[in-house]
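Please keep the sequence and the model in view while reading.

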Number of protein chains: 2
Amino acid sequence: MSVLEQAQAAEKASFRLASASTEAKNRALAGIAETIDKNRGRILAENLKDQEQARKTGLKDSLIKRLVLSEAKIDQIVESVRDVERLEDPVGKTLIARELDDGLVLRKKSVPIGVIGVIFESRPDALVQISTLCVNSGNAVILKGGSEALHSNRVLFDLIREGAEASDPVFRGALHLVETREQIGELLELDRWIDLVIPRGSNELVRRIQESTRIPVLGHAEGICHLYVDRHADLGMAVDVAFDAKCQYPAVCNAIETLLVHRDLAERYLPRLAERLKGVELRGDERTRAVIPAKAASEADWRTEYLDLILSIRVVDSLEEAVDHINTHSSHHTDAIVTGDEQTARRFLSEVDSSSVMWNCSTRFADGFRYGLGAEVGISTGKIHARGPVGLEGLTSTKFILEGSGQIVAQYAGGGRSFTHRDLPPQDPPGEGVQGRDR
Amino acid sequence: MSVLEQAQAAEKASFRLASASTEAKNRALAGIAETIDKNRGRILAENLKDQEQARKTGLKDSLIKRLVLSEAKIDQIVESVRDVERLEDPVGKTLIARELDDGLVLRKKSVPIGVIGVIFESRPDALVQISTLCVNSGNAVILKGGSEALHSNRVLFDLIREGAEASDPVFRGALHLVETREQIGELLELDRWIDLVIPRGSNELVRRIQESTRIPVLGHAEGICHLYVDRHADLGMAVDVAFDAKCQYPAVCNAIETLLVHRDLAERYLPRLAERLKGVELRGDERTRAVIPAKAASEADWRTEYLDLILSIRVVDSLEEAVDHINTHSSHHTDAIVTGDEQTARRFLSEVDSSSVMWNCSTRFADGFRYGLGAEVGISTGKIHARGPVGLEGLTSTKFILEGSGQIVAQYAGGGRSFTHRDLPPQDPPGEGVQGRDR
């Protein structure tokens, strides 16, 4: 099948999937977990092929490590599928229920988006996670994994499709895998059939995809996050938060790259910070370097995601200057302030234009699991559809459903009737939900 | 100023606008209404220039009519601004409130999107409506109106900007007008600064914009809407609903273009329909033409938005065939079923993939005002961000706000603390809202 044919089949399946019951979706997830669990030998054998190939082509050890599947890793994968089975069904929720007139009731309900394209690098377990989230939310999906994991991806995909399709015919044609790099280009052209693209991988991958498709993209390229230490900050707290935000796990998107400090505090704060951040390379502006030893920061430093033990530091004159610096240089991911003054904090939280803004805590909290979202589909720095850490609701759209008893518009346009527009409790009467039916 | 400079100024203003209080926005709207009210002479004089120019260039009478402003029309415009002032502020609503741990509280709040680009044709009152909706929702806006209304748009824009900026400095630089066709192209390139584009005008305008920008577009090109008359339909109701959906106002997007009828009903239903739809040109498939006189429908008919008194008709064998026809040919705007059988209705409502789906009522109800949304920003057939008739919430995004007392992630990653994830009532304590503060 060509990518176009796959997308057309996925669209067709998506129409039926939209009315799959929660029970049918959970049966499919149980079937997937069981099928993976029963085929461990096949998975490990295919994974060995990828490992051999990777060694032959001289892939870096760190990348090979991400590739390796073991019995313990398969345990984790099976458990992660059962976790998805336990998640709430995001589809069929009533968001608005409104009587327009006697016997004319409007509901706005959550529905699957339709067809999701997912492009990811390495880590075969990512394939399992995203495809089971799509099953749970009733979306058809087209997956493209990293070529290093070709055999592992293929066997895992086959088992997932087998497990889902065997449990219910509604999943036939809903799951697709594409394998070559050229097919990514074809896939990104199919905005008529694919409703959303989720890239999972390096900044370069995400940016390349954002720049080469008209399909909406859910994701973020860089995470250039800031911590602003205000003149009213508690010094100890500001040191602890900066250490955590930079050092607890520097290779991730919600770690900070730049620290801004108010001039009134710089002489007392920066030496304590430098002492705590031993081993971190500091790059500062002139006023920073007048207080502590640091390399000179260039304009490029304010725009660089180090993902490493490097921190750029700038002394600012005011909250306004801090907010301006952040709004100009931030990737709109996560930015935080440490201050004891509530009014200053409120202005920061309001005026900094980022998907997560924080007061007196570490930027590292910006994460779907820490936020209690149940599952994390991704983190979006776009402002349309979903912003910040995105849970399963990011895989849903909405639909207006109007139920009447023969009403026509002419009755209301000069015909003597008028609308009541009375909001109703959003619960569906038992058995009345569009999604309540088992197929 | 170049379009780029305007977009940069708009972005800068949008950061401040995000924390404008409801009171400040309402003062601006009151100022706009008053300024327009006080400058009627200036508006009418500028409008006359457009009318003269239009007559000189031989513009169609129907288009000139849409252009003309009168005292009565200005009354309506002023009243429409006061209506927007009475609308609820869509910004600052708490959508999620969750304690992550003792003293660590997460809120997800509605915020303005940022910078909106609006491109519309003719009708100078559209400029007033959309720019005041942007003021109410705290968005900066760049407007491009039709060239036929150049002078009218310019004077109305100047008065709106004057009224807003005089009421509060927070609106400085928030409103922009571009005037030439070439500038549309420049504007559509500015995805770095402009967050959303709203086209208002012909299908051609919308489609051209959708195809030439990476900025998300809120809108719909065609409205190819269907009515399916099921075998369990009440014949009288099915005739009334079809007549209303086709004839009550055929030139609009939520009127039907195609009627599908179950074969079991065709011989009884179609003659009654044809009798009621006298004056409507009917185009049918073979089975339709075996029952009533009609022109032969071609494949193109199933994909054409007539916006006129023309209806294409097809006889189908089953609900499945009707749903398939709709999902293949519909523009995913609004589709309806008439049936007395609930299970059939539920399947239709669930499996038809359109922004509004209806049971036993007219497609003409698909409209922001009839749905009770307060105001209509547009109708979206996209599945991302907003779908169906879109109220003021379509001009908002969200932001996660995390407030702590020094918490760091290391405490939770092996440091002994764990998350409570306890949902809180979504109300903000008095005076604590990010948006509650007056500037």
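A residue is called buried if 20 or more other C-beta atoms lie within 10 Å of its own. The structure discussed here is a predicted model.

- Most residues other than glycine have a negative phi.
- A:H332 lies in the loop between α13 (319-329) and β12 (334-338) of chain A.
- Because 25 other C-beta atoms lie within 10 Å, A:H332 is buried.
- B:N360, likewise not a glycine, has a positive phi of about 55 degrees.
- B:N360 belongs to strand β13 of chain B.
- B:N360 is buried because it has 23 other C-beta atoms within 10 Å.

**Contact between the chains**

- In the interface, 63 residues of chain B are in contact with 63 residues of chain A.
- Several elements of chain B each supply at least two residues to the side that touches chain A, among them α1 (3-17), β1 (94-101), β2 (104-112) and α10 (235-247).
- The element that gives the most to this side of chain B is β16(B), with 11 residues.
- Sorted by class, this side of chain B holds 27 nonpolar, 19 polar and 17 charged residues.

**Symmetry of the two copies**

- Two copies of a chain are related by a rotation about an axis and a shift along it.
- The same surface serves both copies, since 100% of the contact residues of chain B recur in chain A.

- An open sheet of 11 strands has the order β17(A)-β1(A)-β2(A)-β16(A)-β13(B)-β12(B)-β7(B)-β8(B)-β11(B)-β9(B)-β10(B), and its pairing is mixed.
- At the edges stand β17 (422-423) of chain A and β10 (295-296) of chain B; each has a single partner strand, so one side of each is left without a neighbour in the sheet.
- Strand β16 (residues 396-407) of chain A and β13(B) run parallel and are joined by five bridges.
- In this pair of strands, A:L402 stands opposite B:M358 of β13(B).
- Within chain B, four bridges link strand β9 (residues 281-284) to strand β11 (residues 310-316), and these two run parallel.
- B:G284 has B:I313 in β11(B) as its bridge partner.
- Helix α11 (residues 263-276) of chain B packs on the sheet and touches β7 (225-229), β8 (256-262), β9 and β11 of chain B.
- The direction of this helix makes about 135 degrees with that of β8(B).

**Domains of chain A**

- Chain A is divided into domain 1 (3-92 + 111-218 + 386-395) and domain 2 (225-372).
- Taken over C-alpha atoms, the centres of domain 1 and domain 2 of chain A are separated by 36 Å.
- Six residues of domain 1 of chain A are in contact with seven residues of domain 2 of chain A.
- On the domain 1 side of this contact, the largest share, three residues, comes from strand β15 (residues 388-390) of chain A.
- By class, that side has two nonpolar, three polar and one charged residues.

Definitions and conventions
Residues are numbered from 1 along each chain as its sequence is written. Chains are lettered from A and ligands numbered from 1 in the order in which they are written. This is a predicted model: local features need pLDDT of at least 70, side-chain atom pairs count only at pLDDT 80 or more; totals for chains, interfaces and linings use all residues. Two residues are in contact if their C-beta atoms, placed from the backbone, lie within 7 Å. Ala, Val, Leu, Ile, Met, Phe, Trp, Tyr, Cys and Pro count as nonpolar, Asp, Glu, Lys and Arg as charged, and the others, Gly among them, as polar. Two strands pair if DSSP finds at least two bridges between them. A residue is buried if 20 or more other C-beta atoms lie within 10 Å of its own, exposed if 12 or fewer, and partly exposed in between; C-beta atoms are placed from the backbone. Axes are lines fitted to C-alpha atoms, for helices over the stretch in contact, and angles run from 0 to 180 degrees between N-to-C directions. Domain bounds come from an automatic or database domain assignment.
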